[in-house]
Amino acid sequence: MSGLAAVLRGDVAAGTYRWESALEVDDVARAVGTAHWAFGHLDGWQASTKAEVLAALGESLDFADHYGRNLDAFADCLADLDQDRVLLWDGWSTLARAEGATFATILGIIAAQRDSAAQPRLVVLLRGPGPETADIPLLE
């Protein structure tokens, strides 16, 4: 939990990280909530196509009902986040392997949001095995 604890203390910058943890989703949610951050969980084993992942991202991040479930709408709704948030993405490798360009675009949109100083922090934790991602640091 030390990596997650560092995120919640603000010792780790917003962004996307690989995270090796065996914690149950409910335990992660409880820790995040205790720190007054919002929590979302994306089950990439169930949502593995572009359309399914975009829909699941909208649900996980509590986007407004008008969310259009496309990449432009994803970027727009990220700009509307109003609270620091952790998104735990289990099974991320299904999209990364099947639709690498889409996966890279989603991470690029998240990175652009991170670079906007006016936005609340968004930390995405990619949990589980997946393709090599040299540009995504491991949260330890």
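## Packing of H4 against H6

Helix H4 (residues 71–78) packs with H6 at an angle of about 25°, and their axes lie 10 Å apart. Helices here are DSSP runs (H or I) of at least four residues, numbered from the N terminus; axes are lines fitted to C-alpha atoms over the stretch in contact, and angles run from 0 to 180 degrees between N-to-C directions. The two helices are therefore roughly parallel to each other, a term for angles under 35 degrees. The crossing of H4 and H6 is right-handed, the near helix being turned clockwise from the far one by less than a right angle.

Leu71, Phe74, Ala75 and Leu78 of H4 make the contact with Thr105, Ile106, Ile109, Ile110 and Gln113 of H6, where contact means heavy atoms within 4.5 Å. By class, the residues of this contact are seven nonpolar, two polar and no charged. Ala, Val, Leu, Ile, Met, Phe, Trp, Tyr, Cys and Pro count as nonpolar, Asp, Glu, Lys and Arg as charged, and the others, Gly among them, as polar.

## Basis of the model

The model is predicted: local features need pLDDT of at least 70 and side-chain atom pairs count only at pLDDT 80 or more, while totals for chains, interfaces and linings use all residues. Residues are numbered from 1 along each chain as its sequence is written, and side-chain values use heavy atoms, with hydrogens and water left out.

Gln113 lies in helix H6, which spans residues 100–114. With 7% relative accessibility, Gln113 counts as buried (under 20% relative accessible area; exposed is over 50% and partly exposed in between, with a 1.4 Å probe and protein chains only). A polar atom of the Gln113 side chain lies 3.2 Å from the backbone oxygen of Pro120. Leaving aside residues up to four places away in sequence, Gln113 touches Leu78, Gln119, Pro120 and Leu122.

Ile110 is also found in helix H6 and, at 2% relative accessibility, counts as buried. Beyond residues up to four places away in sequence, Ile110 touches Thr16, Phe74, Leu78, Leu122 and Val124. Ile110 and Leu122 are twelve residues apart in sequence, with a C-alpha to C-alpha separation of 7.9 Å.

## Ala75 in H4

Ala75 belongs to helix H4 and is partly exposed, with a relative accessible area of 31%. Ala75 and Leu54 stand 21 residues apart in sequence and 11 Å apart in space, C-alpha to C-alpha.

Conventions. Polar contact = N/O pair within 3.5 Å; in protein donor to acceptor, adjacent residues only side chain to side chain. Parallel < 35°, antiparallel > 145°, perpendicular 65-115°, else oblique.
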